[in-house]
Amino acid sequence: MPGRLTLLTTTALTLIAALVTPNHAAACGNADRMEHDDAVKRIAQIEFHLRYEQHWLADQALPTPGLGTWGTEELEDRATDLRYVLDLRWKKRKVGHAVEWFRERPRKTLEHRAWLAEALVENDTLHEARTILRDLDKRDVMPDGHGYATLARITQGDERIAALSKCRKRAVVKSICGAAPRTT
Amino acid sequence: MKRVAILLVAIATLGACSRTEKWTEQATPSEGSSTEVTTSSGSAVPSAAVSSEGLGTVARVAAGDMIEKFQCARCHEVPQTGVAERDKHCFTCHQQIHDGTFDAKPETLVKWRGRIQSLRHAPSLAHADRLQRAWVKRFLLHPHDVRPGSIAEMPRLAISDAEADRLATFLVPVEDAAPIDTAPALVARGEKLYRDLACGRCHRFTGAAVDDAALHAGGRVADPPPPAIETDPARRSLAIAWTLAPDLRFARDRVQPAQLAAWIEAPRGAMPKLSISRDDARALAAFLVATPVVARSNHVVPKRLPILEREVPWAEVSARVFHDTCWHCHAVPDFAHGDGGPGNSGGFGFAPRGLDLSSYTGISQGAFDRGSERRSIFEKLPDGTPRVVAHLMARHVEAAGGSVDGIRGMPLGIPALTLEQIQLVDTWIAQGRPQ
């Protein structure tokens with residue numbers, strides 16, 4: 001009987017694996033989706049608002065996470081990212097949840113590491129945030145000006161000056177580089 | 001319970017079988033793995049030296065795996081292989097956009113039609129068996145521009161010598177090395193036929209006295225736009241024939257001599273049928289292989305332009321370079337069900353590099369190196385050139401017939417970016433990559 005159960009379990013898992021394989025993917029990247037996939041267009045628009053620090057507009061376009069309105073798991077996760085980033089930057093809320101999400105999120109990129117560092121700073125976990133951002137800076141793979149703005153907030157002296165300089169170069173809205181320092 | 005288990009196994013097996021048609025990463029023989037096959041007599045011989053009769057089942061499967069590994073069916077019609085699904089195919093979407101059958105608003109289709117000039121038509125590999133196996137192998141290892149009418153070229157794959165050998169043997173299982181008659185009188189008659197039939201309207205024959213670039217340019221047949229495309233199939237066939245017509249300077253090394261006349265008499269694929277006699281086909285073949293061809297002068301690799309003094313913002317470099325060209329293969333996986341194109345999620349035998357060139361944050365995060373660590377694409381090489389610029393310049397070296405060790409030319413399979421485009425990238429990097 002245990003043998004049968006193992007066989008059944010294995011078979012069922014194999015069957016599920018066969019069924020969940022995506023059957024549709026874009027070879028040509030997303031050129032056409034950016035033009036006529038409403039969910040993708042909407043996500044891109046929210047990212048645009050965040051890039052330009054248009055928090056209210058981004059908030060209006062973002063529904064509550066977990067409602068499953070984006071069509072795919074990837075877009076759902078991306079929308080959740082944006083919700084947490086917006087909460088961090090605008091309302092400074094749900095910091096603990098953001099830390100947890102960016103730590104555990106599937107399919108992490110370096111942008112998620114930078115966002116994790118942002119959340120860690122708001123969560124007063126400066127040492128870990130510093131470690132993450134210094135690593136990204138050293139390898140020259142910092143995603144954008146926000147990472148340098150955050151690094152400038154938690155460092156001092158020449159390191160802070162260098163981070164501020166890079167922030168002013170790479171941020172869309174330069175005023176983010178002047179955020180108040182955090183030290184412990 | 002037993003019946004349920006059997007049923008589930010059967011369904012799972014069917015599911016697994018059907019999935020082999022999709023483009024999942026397949027296990028392939030490792031580089032340098034056995035290139036020997038066992039003949040029916042049981043002796044081991046190098047795969048390139050045997051005919052199709054000598055290829056055992058195992059060897060055929062191994063060669064077929066090369067087709068899967070390098071995803072030849074994403075561009076070509078391949079014998080014994082299913083066509084890649086539309087969204088994995090490099091040409092189908094473009095063709096549908098030009099045909100007016102792609103699922104998008106009419107005004108969007110009109111906009112795209114104006115932009116999409118490359119990746120429209122690719123030659124079928126069903127007719128590759130007429131080629132010389134050694135040429136096919138060389139071409140796989142060192143691809144170059146063979147078809148002057150086509151913007152797209154064969155991409156430079158990450159293919160080993162042994163893999164190229166196996167793939168060439170798969171495509172050209174049998175060779176006939178018998179020479180053809182090239183008596184001067186036959187060659188002269190072939191030249192007259194070449195001129196009388198106006199072969200130069202579709203073909204270049206660079207280096208030969210008959211080559212006429214102006215005649216070739218004037219012979220171009222544009223694809224008819226919709227709805228004419230539905231009512232004028234002949235014009236479309238001519239458009240495809242012009243696009244895919246090879247430069248005939250390569251014919252003597254590229255096509256098996258004995259196959260050349262047969263092909264001219266009864267072409268398959270894109271070439272139109274000429275309705276000529278067997279003797280005329282032989283004369284044309286003799287002319288193609290025997291007429292003198294001037295050696296190609298060495299192309300000069302252009303030099304990088306100096307850094308601009310004016311500021312180059314991200315918006316400009318993105319619009320004119322990254323979004324214009326690179327984005328199509330280096331895209332955002334999240335926006336396309338996890339597939340960010342071959343330059344991001346992998347494809348054509350390349351491992352996933354995770355390189356997203358669609359946005360500032362994407363490009364800033366670099367790409368996976370051979371390990372699991374991301375590396376900046378702006379890192380300076382020993383001569384001070386940023387890595388991404390080195391890849392763009394390497395494409396110019398490849399266009400001139402060379403290659404750069406360890407640096408693959410980009411963009412892959414289409415012409416090099418202009419020096420002015422590369423100058424924008426270079427300047428933007430030198431200025432600290434302002435956004």
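**Conventions.** I number residues from 1 along each chain as its sequence is written, and chains are lettered from A in the order in which they are written. In this predicted model local features need pLDDT of at least 70, side-chain atom pairs count only at pLDDT 80 or more, totals for linings use all residues, and side-chain values use heavy atoms, with hydrogens and water left out.

**Helix α5(A).** I took helices as DSSP runs (H or I, at least four residues), numbered from the N terminus. I found 16 of the 19 residues of α5(A) buried (under 20% relative accessible area; exposed is over 50%, partly exposed in between; 1.4 Å probe, protein chains only). Just after α5(A), I noted a positive phi of about 50° at A:K92.

**Disulfide.** I searched the whole structure and found one disulfide over all chains (a pair of cysteine sulfur atoms within 2.5 Å). A:C167 is joined to A:C177, with S to S at 2.1 Å. A:C167 lies in helix α10 (residues 157-170) of chain A and A:C177 in the segment after α10, so the pair ties together parts that are ten residues apart in sequence. I read -85° about the S-S bond, a left-handed link. A:C167 is buried at 0% relative accessibility, and A:C177 is buried at 5%.

**Chain B cysteines.** I checked B:C326: the closest cysteine sulfur, in B:C329, is 9.2 Å from its own, too far for a bond. B:C326 is buried at 12% relative accessibility, whereas B:C329 is partly exposed at 36%.

Technical notes
Helices (H or I, at least four residues) and strands (E, at least two) are DSSP runs, numbered from the N terminus.
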